[in-house]
Amino acid sequence: RDRLNTELTICRGANGGVNWLSNGRPDLACSASTVAAQLSSDNPTTQAVTDINFSVKQAKTVQYELRVHPIPVKDLRYVGFYDATYDHDQSDEKRCQVGRLVGATTPAFNLGDKAPVTVAFWKSQKMPQQCGSPLKSESFAALKCVLDVKWYKSLMDSILHSDMNLLMPKHQINSSTKQFVIKDDDPAYIDPKVIIVGDSKG
């Protein structure tokens, strides 16, 4: 038992290091979160050791850089990518994992052309409750992504526009296009300010 506790302490320490690195490495965010869930369960398995070893190897061997692209203010578009896992085994340590990545891009993205994407922040987390279907986990991930992109856009608007007031009614906030559209037959869909990208399956 003492040996197990020692090994768990070592694993938690290693995963803590990976978690710290994930603040600047989005490629490590998911593994840091899932391994933490495995190690906090009542019956951690050797899979957690295998996963943390893989994470440490990835952190050491993968060369990674984040690039900030110079995007003119008039061309700013806000984009969020989301995804979610689903496991039929809905025990506590295997609850669905959801993640999103939020950043800025240009109108070229809306045209389907090659476009720069500056990553602003990212998050990977376990769902707070069990989910009964893949659609529920994807919907939760999409909701979190929309909320994060709206927060990021509001933050940028408050920085770029001195008269921006988050307490103002939406119709009083000047905007050249609608902030959010859903249906692709909406005229604002041609070049929306905010784009959410996912691969949800019904």
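Modeller: Helices (H or I, at least four residues) and strands (E, at least two) are DSSP runs, numbered from the N terminus; in this structure, for example, Q58 lies in helix α3. This is a predicted model, in which local features need pLDDT of at least 70 and side-chain atom pairs count only at pLDDT 80 or more, while totals for chains, interfaces and linings use all residues. Residues are numbered from 1 along each chain as its sequence is written, and side-chain values use heavy atoms, with hydrogens and water left out.

Colleague: How many helices and strands does the secondary structure of the protein chain come to, and in what order do the elements run from the N terminus on?

Modeller: The protein chain has 5 helices and 4 strands, and their order from the N terminus is α-α-α-β-β-α-β-α-β. Contact means heavy atoms within 4.5 Å, and among the contacts of this chain with a separation of 6 or more, 67% are between residues 24 or more positions apart.

Colleague: What share of the residues in the protein chain is buried?

Modeller: A residue is called buried when its relative accessible area is under 20%, exposed when that area is over 50%, and partly exposed in between (1.4 Å probe, protein chains only). Of the 202 residues in the protein chain, 34% are buried. The chain exposes about 12,700 Å², with carbon and sulfur atoms supplying 56% of it, and such accessible areas come from the Shrake-Rupley method with a 1.4 Å probe, where for residues only the protein chains shown count as cover.

Colleague: Is Q58 buried or exposed, and with which residues is Q58 in contact?

Modeller: Because its relative accessible area is 18%, Q58 counts as buried. Apart from neighbours within four places in sequence, Q58 is in contact with R25, D27 and L28.

Colleague: How far does helix α5 reach from its first C-alpha to its last, and what covers the buried residues of α5?

Modeller: The expected span of a helix is 1.5 Å times one less than its number of residues. Helix α5, residues 134-160, has 27 residues and spans 39 Å, close to the 39 Å expected. Its buried residues include F140, C145, V149, Y152 and M156, and what covers the buried residues of α5 includes strands β1 (77-84), β2 (97-105), β3 (118-126) and β4 (194-197).

Colleague: Which residues touch the most other members of the largest nonpolar core?

Modeller: In soluble globular proteins, nonpolar side chains tend to be buried together. A nonpolar core is a set of buried Ala, Val, Leu, Ile, Met, Phe, Trp, Tyr and Cys residues joined through side-chain atoms within 4.5 Å. The largest core here has 19 residues, of which L76, Y78, V98, M127, V149 and Y152 touch the most other members. Two or more residues of this core come from each of β1, β2 and α5, and α5 gives the largest share, 7 residues. A second, separate core of 10 residues includes V35, L39, I52 and A59. Returning to Y78, its contacts beyond four places in sequence include V149, Y152, M156 and V194.

Colleague: How many salt bridges does the structure hold?

Modeller: A salt bridge is a side-chain nitrogen of Lys or Arg within 4 Å of a carboxyl oxygen of Asp or Glu, and the structure holds 4 of them. One of these joins D148 and R100, at 2.8 Å from N to O; D148 lies in helix α5 and R100 in strand β2, so the pair ties together parts that are 48 residues apart in sequence. Both D148 and R100 are buried. Another salt bridge links D157 with K153, their closest N and O atoms being 2.9 Å apart, and these two residues lie 4 residues apart within helix α5, about one turn of the helix. D157 and K153 are both buried. A further salt bridge is formed by D75 and K74, at 3.4 Å between the closest N and O atoms, and K74 counts as exposed because its relative accessibility is 64%.

Colleague: In which loop is I190 found, and is I190 exposed or buried?

Modeller: I190 is in the loop between α5 and β4, and it counts as exposed because its relative accessible area is 64%. The C-alpha atoms of I190 and L111 are 7.9 Å apart in space, although the two residues are 79 residues apart in sequence.
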